[in-house]
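The following report reads a protein model together with its ligand, moving from backbone details to the ligand shell and then to the domains. Please keep the sequence and the coordinates in view while reading.

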Amino acid sequence: MIPQQIKNPFKPGAGHMPPFLAGRDEEEREFTRLLQQYTILENLVLTGLRGVGKTVLLERLKELAISTGRWAWVGTDLSETASLTDEHLALRVLTDISLITSQIVIGRLEKVNIGFGSQITVQEETLNFNVLSQIYQHTPGLIADKLKCVLETCWHYMKDKNLHGVIFAYDEAQNLADHAAKEQYPLSLLLEVFQSLQRKNIPFMLVLTGLPTLFPKLVEARTYSERMFRILFLKPLDRESSRKAIMKPIEDGKCPIRFGPKSVDLIIEQSGGYPYFIQFICREVYDLFIQRIADGKEPTIPVDEITRKLDTDFFAGRWAMVTDRQRQLLQAIAAMDNCDDEFTVQDIAGMSKNMLEKPFGSSQVNQMLSSLSDMGLIYKNRHGKYSLAVPLLARFIRRQTS
Ligand SMILES: Nc1ncnc2c1ncn2[C@@H]1O[C@H](COP(=O)(O)OP(=O)(O)O)[C@@H](O)[C@H]1O
Ligand SMILES: [Mg+2]
């Protein structure tokens with residue numbers, strides 16, 4: 001077995017809780033504020049690029065909610081969903097809530113004497129999944145009506161249990177729109193049901209996480225969702241939080257090595273403060289330093305090697321899907337000063353005039369951006385501007401040209 005002190009504490013990987021969750025105090029405070037609501041006027045959306053830390057923050061919020069002792073938490077990761085119908089979603093929600101309602105006894109069969117002192121069992125009927133689906137099936141009306149009725153019934157039986165409310169958390173919720181089957185509107189269904197329950201003062205709160213396309217999709221599905229949600233856009237960690245994300249795991253783990261200030265600065269610079277990249281680079285650097293521990297002095301970080309590994313592990317697969325012409329367009333984007341921020345079709349067309357023999361016209365740019373969005377490389381924000389949808393993609397693209 002590896003001695004505890006040498007074990008690498010860093011955890012690059014989707015949804016892996018980091019050894020130290022840095023820089024999310026503000027988000028935690030905001031969530032705690034939302035937990036004070038008796039009538040739910042605000043629900044929560046956590047959004048941001050891949051690898052910025054949405055899933056692990058959601059996990060942290062779950063701990064926070066449960067530690068109040070008065071909030072129940074149910075929910076699912078929707079990333080594996082292949083094709084979603086309204087009926088699937090309704091079933092999903094029933095399954096989720098049944099996990100807590102199946103503890104609630106709603107009826108009890110009395111003991112029955114069956115002669116000369118013997119009795120048959122006490123049978124308890126709880127509000128389990130079977131009961132919920134029967135209520136669902138016997139309620140007349142549309143799927144939304146059925147689902148509302150089941151959830152109202154659930155709350156009716158829960159409300160005396162000293163419970164403040166229930167949180168329904170859905171990770172990768174953009175899939176509710178992206179993977180909806182034809183003529184199906186699961187996202188609209190979810191919004192409509194929760195809006196209606198909340199109006200009746202039923203304290204069921206939604207917490208949705210997803211890529212930056214999520215919020216525009218919510219608004220598209222139901223215009224009132226603009227008022228229904230508090231949006232928290234997760235950014236890369238600032239310098240101080242990045243430093244903690246790097247240093248704390250080593251200090252807390254009583255590891256036999258230290259990253260000196262120069263190494264830390266370099267990791268911050270190379271990771272751009274993106275949590276996934278911090279974990280990835282630190283994991284590599286840690287292993288390397290452990291191997292050199294015998295040398296007695298701090299080794300230098302092999303930036304080029306680590307970058308190459310990151311390129312292969314993280315970016316290469318995405319780059320391989322892109323055609324030559326799309327690569328030219330992405331190269332034009334990566335050459336712009338505002339490439340890490342937001343940009344317009346005109347910006348790209350303009351830059352391509354400076355760079356390319358065969359520049360792109362605006363309508364061509366428009367079309368190509370739309371296919372790049374479908375591939376998850378670009379997204380369009382609510383104001384019709386575009387951004388790169390993969391962290392540090394611009395730097396990677398520039399590396400491909402030089
Ligand atoms: N606040 C943070 N501090 C340190 N590491 C983090 C933080 N947030 C996320 N990470 C790490 O970043 C990686 C990606 O996190 P994840 O929650 O899967 O991102 P997302 O769901 O946004 O794609 C994981 O390895 C996780 O341990
Ligand atoms: Mg995630």
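In which loop is the place of N201? N201 sits in the loop between α7 (186-199) and β8 (204-210), where helices (H or I, at least four residues) and strands (E, at least two) are DSSP runs numbered from the N terminus. This is a predicted model, in which local features need pLDDT of at least 70 and side-chain atom pairs count only at pLDDT 80 or more, while totals for chains, interfaces and linings use all residues. Residues are numbered from 1 along each chain as its sequence is written, and chains are lettered from A and ligands numbered from 1 in the order in which they are written.

**Backbone and burial**

Phi of N201 is near 70°, a positive value in a residue other than glycine. Most residues other than glycine have a negative phi. E172, which is not a glycine either, has a positive phi of about 60°, and E172 belongs to the loop between β7 (165-171) and α6 (175-178).

The burial of a residue is judged by the other C-beta atoms, placed from the backbone, that lie within 10 Å of its own: 20 or more make it buried, 12 or fewer exposed, and a count in between partly exposed.

| Residue | C-beta neighbours inside 10 Å | Class |
|---|---|---|
| E172 | 21 | buried |
| N201 | 10 | exposed |
| S373 | 15 | partly exposed |
| P18 | 21 | buried |

For the protein as a whole, buried residues make up 35% of the 402 residues.

**Overall form**

The secondary structure comes to 17 helices and 11 strands, and the C-alpha trace spans about 90 × 60 × 35 Å along its principal axes. Two residues are in contact if their C-beta atoms, placed from the backbone, lie within 7 Å. Among contacts between residues at least 6 apart in sequence, 72% join residues at least 24 apart.

**The ligand shell**

Around ligand 1 there are 24 residues, the closest being P18, G53, K54, T55 and P275; a residue is near a molecule if its C-beta atom, placed from the backbone, lies within 6 Å of it. The elements that give two or more residues to this shell are α2 (54-67) and α12 (275-291), and the largest share, four residues, comes from α12. By class, the shell has 11 nonpolar, nine polar and four charged residues, where Ala, Val, Leu, Ile, Met, Phe, Trp, Tyr, Cys and Pro count as nonpolar, Asp, Glu, Lys and Arg as charged, and the others, Gly among them, as polar.

Not counting residues up to four places away in sequence, P18 touches K11, V56, A245, P275 and Q279.

**Domains**

The protein is divided into domain 1 (25-233) and domain 2 (318-401), with bounds that come from an automatic or database domain assignment. Their centres, taken over C-alpha atoms, are separated by 38 Å. The contact takes nine residues from domain 1 and six residues from domain 2, and the side of domain 1 that touches domain 2 divides into six nonpolar, two polar and one charged.

How do α14 (residues 324-334) and α15 (residues 345-355) cross, and at roughly what angle? Their axes come within 9 Å and cross at roughly 100°, the axes being lines fitted to C-alpha atoms over the stretch in contact, with angles that run from 0 to 180 degrees between N-to-C directions. The two helices α14 and α15 are therefore roughly perpendicular to each other, a label given to angles of 65 to 115 degrees, whereas those under 35 count as roughly parallel, those over 145 as roughly antiparallel and the rest as oblique.

In this crossing, L329, A332 and I333 of α14 meet I348, M351, S352 and M355 of α15, and the residues of the contact divide into six nonpolar, one polar and no charged. The buried residues of α14 are L329, L330, A332, I333 and A334, and they pack against α15, α16 and α17 (393-401).

S373 is found in helix α16 (residues 362-374). Leaving aside neighbours within four places in sequence, S373 is in contact with I378, Y379 and K380. S373 and L388 are 15 residues apart in sequence and 9.1 Å apart in space, C-alpha to C-alpha.
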